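Subject: Structure for you to look at

Hello,

Here is the structure I said I would pass on. Please open it beside this email and follow along.

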Amino acid sequence: MDDNDASPRQNGTDLTSAGPATAAKPEASRRDAGKPKSPKREEAVEALMRLAAEQPWNDIEVGDIAREAGMTLAELRDLFPSKGAVLGGLSRMIDHAVLDADTSDLAEEPTRERLFDVLMRRLDAMTPYKPALRRIAYALRGDPLSMLALNGVALNSHRYMLAAAGINTEGPLGRLKLQGVVIAFARTVETWFDDEDPALARTMARLDKEIRGGERLMERAEDARRLTAPLRAIGRSLLDRRPRRSDRDRTDADPAAMI
């Protein structure tokens, strides 16, 4: 699910509150005049994060984001369909920050260590946005539709995190691993929000605990898969032995088959 399409549910937005589309550039843009220009999508995401760090999530309108980013509503609409999609854009930025880093030093590490390192790098990339993310997380806890949409965004991101750690996510067990890592990381982030230690000792301990718990779950899933393998083989054999109707029978029973 693309973060442009899947976004948390938003309250109604009064577009007229944003002012004319040709409004003057805000103070935030003038302050950043001497800085290198970022891609427009990143500018919108950074604007949302600045706003979310200072005011309630539910008070932020798309017009506020446009003004803070120094763009028109039309420009913002071309980039993102909603405020939630802008938040999803942050996830993509974090993905790039982690995936662009050199991970060659992890090649010889055990799987657990590779995953631990990749997820800690993700937290490092999230650090500049920690105050905003903390406020957003608290605001969305009572909104199940938003949480469901964000879970879809997280699944996309963590599929790449697991790939960076050399972990396969294909097949039923792969999907179980992927959702498990999303949940484990979300629990770790809860600890990270309250961890003011620069060394992040509590956060690292929580992440290690979550990864080890996930390993035990996957071991049980693997055992269950092996134990049920004979039953699945018998089921497939019975299905293969079912008598099949002739082409004529299928044609008589289903006129559409003649088309």
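Below are the findings, grouped by the part of the chain they concern.

The model is predicted, so local features need pLDDT of at least 70 and side-chain atom pairs count only at pLDDT 80 or more, while totals for chains, interfaces and linings use all residues. Residues are numbered from 1 along each chain as its sequence is written, and side-chain values use heavy atoms, with hydrogens and water left out.

Two helices

Helices here are DSSP runs of H or I with at least four residues, numbered from the N terminus. Helix α2 covers residues 40-52, which is 13 residues. From first C-alpha to last, α2 reaches 18 Å, close to the 18 Å expected at 1.5 Å a residue; the expected span is 1.5 Å times one less than the number of residues. Helix α6 (residues 111-126) has 16 residues and reaches 23 Å, close to an expected 22 Å.

Next comes burial, where buried means under 20% relative accessible area, exposed over 50%, and partly exposed in between (1.4 Å probe, protein chains only). In α2 the buried residues are E43, A44, V45, A47, L48, M49, L51 and A52. Their cover includes α3 (62-69), α4 (73-79), α5 (83-99) and α7 (130-140). The buried residues of α6 include R114, L115, F116 and V118.

How α2 meets α5

The axes of α2 and α5 come within 9 Å and cross at roughly 110 degrees. Axes are lines fitted to C-alpha atoms, for helices over the stretch in contact, with angles from 0 to 180 degrees between N-to-C directions. The two helices, α2 and α5, are therefore roughly perpendicular, a label for angles of 65 to 115 degrees (under 35 is roughly parallel, over 145 roughly antiparallel, the rest oblique). In contact terms (heavy atoms within 4.5 Å), R41, E42, A44, V45, E46, L48 and M49 of α2 meet K83, V86, L87, G89, L90, R92 and M93 of α5.

Aromatic rings

How many aromatic pairs does a search of the whole structure find? It finds two. Rings of Phe, Tyr and Trp (its six-membered ring) pair if their centres lie within 6.5 Å; planes under 30 degrees apart count as stacked, over 60 as edge-to-face and the rest as tilted. The rings of Y138 and F193 have centres 6.3 Å apart and planes at 65 degrees, so this pair is edge-to-face. Y138 lies in helix α7 and F193 in helix α9 (residues 171-194), so the pair ties together parts that are 55 residues apart in sequence. Y138 is partly exposed at 38% relative accessibility, whereas F193 is buried at 5%. The rings of W192 and F193 have centres 5.6 Å apart and planes at 35 degrees, so that pair is tilted. W192 is buried, at 1%. Y138, W192 and F193 form one aromatic cluster.

The charged end of K130 sits over the ring of W192, 4.9 Å from its centre. Likewise, the charged end of K83 sits over the ring of W57, 4.3 Å from its centre. The test is NZ of Lys or CZ of Arg within 6 Å of the ring centre and within 35 degrees of the ring normal.

Two loop residues

P56 lies in the loop between α2 and α3 and is partly exposed at 43%.

L200 is in the loop between α9 and α10 (201-241) and is buried at 11%. Most residues other than glycine have a negative phi. The phi of L200 is near 55 degrees, a positive value.

Regards
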